[in-house]
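Visitor: I have a structure open and would like a guided tour. Can you take my questions one by one?

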Amino acid sequence: MMTRKILVLATLILGVLFTSCSSDDDGPPVTTLQLETIGLQPLTGGSSYQGWLIVNGQTIPTAKFTNPSGIVNLDVFAEDAAAASQFVITIEPAGDIDDGPSDAKILTGNFSGTAAPLTFQTVVADLSTASGQFFLATPTDNAGGVDNGNDEFGVWFMNGANAAGLSLPTLASGWKYEGWVDFGNKIVSTGTFSDVNATDDGNLFKGSGGDVPSFPGEDFLVIPSQVSLSGITFPAAVTGKRVFITVEPFQDNDSNPFFIEPLSATAGITTGPANPVTMTSNTAVPSGRVTRPN
């Protein structure tokens, strides 16, 4: 009889403990945000998207994701979802472990009722007035300023000999422009830049004896020993190749072009500042909408 009483008592105690632990484990109520986007592309190279609720000025993170296709469900605390005034999507670099958003905010919007429409222009830039031109030349190996006749191997975003060829809006913090040439089996960067009237961050492949212009561009003459670049032989001719500008989250450490491409054109066979190529503008930028339960 005593043994049976002990067993019953033990069972009751375990039941109480189990109930108590289950209550603690449940935690605050959770709800699901539904995110739908247009024009947002899957990320590669280890970077990821991350959503952020803005609650009383504080950033509350959601889970990270790399594929924005369809409806992305993001679980958050119901209290945070109800109190949020704004929603932001950032691009977080590979290896990101901090608990705050990166500077590369790509979409944002304010909640009105249960929904927040998300826009690119208000958080990155309005690209609707972007325009540009370039010409083919290789000034970095023109010793003494004398053209050595190999201008097909370089591209410079210039208007004439001493003026900017690009008209682009200033980008928000976390973003830079980057020039590219598609050589067929290899797309190579001309360098990142923020100022259309200054030398860019590239010029890895320049020649010697000449000058680097004070504008974005690149001469594809020599591959330096410290650069690993397979699938292309230098000097590399830009004639007939597609040349384009992207908007890049410059901390993403991805060597591939980002999908936002405001300007592009195919180079012809003529060279020099007297033969500019006008670039075509592309105003397509991502947008979206996030909804929360009533």
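Visitor: Which residue in E15 is the bridge partner of Ile245?

Guide: This is a predicted model, where local features need pLDDT of at least 70, side-chain atom pairs count only at pLDDT 80 or more, and totals for chains, interfaces and linings use all residues. Residues are numbered from 1 along each chain as its sequence is written, and side-chain values use heavy atoms, with hydrogens and water left out. Strand E14 (residues 242-249) and strand E15 (residues 263-266) pair in the antiparallel sense over four bridges. Within E15, the partner of Ile245 is Leu263.

Visitor: What counts as a strand, and when do two of them pair?

Guide: Strands (E, at least two residues) and helices (H or I, at least four) are DSSP runs, numbered from the N terminus. Two strands pair if DSSP finds at least two bridges between them.

Visitor: What is the mean pLDDT of the protein?

Guide: pLDDT is the predictor's confidence in each residue, from 0 to 100. In this protein, 91% of residues reach 70 or more. The mean is 90.

Visitor: Why are E4 and E7 edge strands?

Guide: An open sheet of four strands has the order E4-E1-E18-E7, with antiparallel pairing. Strand E4 (71-77) and strand E7 (115-118) each have a single partner strand, so one side of each is left without a neighbour in the sheet. Both therefore stand at the edges.

Visitor: In E4, what is the bridge partner of Thr32?

Guide: Strand E1 (residues 30-38) runs antiparallel to E4. Seven bridges join the two. The partner of Thr32 in E4 is Asp75.

Visitor: Is E11 largely enclosed or left open by the rest of the structure?

Guide: Buried means under 20% relative accessible area, exposed over 50%, and partly exposed in between (1.4 Å probe, protein chains only). Strand E11 (residues 175-182) has eight residues, and six of them are buried. The strand is therefore largely enclosed.

Visitor: Which residue in E14 is the bridge partner of Lys176?

Guide: E11 and E14 pair in the antiparallel sense. Eight bridges join them. The partner of Lys176 in E14 is Glu248.

Visitor: Which residue takes a positive phi in the hairpin of E11 and E12?

Guide: Six bridges join E11 to strand E12 (residues 187-193), running antiparallel. Among the facing residues, Asp182 stands opposite Ile187. Four residues lie between the strands. The one with phi near 105° is Gly184.

Visitor: With which side chain does the side chain of Ser189 make a polar contact?

Guide: A polar contact is a pair of N or O atoms within 3.5 Å; within protein, one must be able to donate a hydrogen and the other to accept it, and residues adjacent in sequence count only if both atoms are side-chain atoms. Ser189 is in strand E12. Its side chain reaches the backbone nitrogen of Gly191 at 2.9 Å. At 2.5 Å, the side-chain partner is Glu178.

Visitor: Why does the ring pair of Tyr177 and Phe193 count as stacked?

Guide: Rings of Phe, Tyr and Trp (its six-membered ring) pair if their centres lie within 6.5 Å; planes under 30 degrees apart count as stacked, over 60 as edge-to-face and the rest as tilted. By this rule there are 10 aromatic pairs. The centres of Tyr177 and Phe193 are 5.7 Å apart and their planes at 25°, so the pair is stacked.

Visitor: Is Tyr177 buried or exposed?

Guide: Tyr177 lies in strand E11 and Phe193 in strand E12, so the pair ties together parts 16 residues apart in sequence. Phe193 has a relative accessible area of 3% and is buried. At 2%, Tyr177 also counts as buried.

Visitor: Where is Pro235 placed?

Guide: The peptide bond from Phe234 to Pro235 is cis, with omega near 0°. Phe234 also forms one aromatic cluster with Phe183, Phe205 and Phe220. Pro235 sits in the loop between strand E13 (217-219) and E14.
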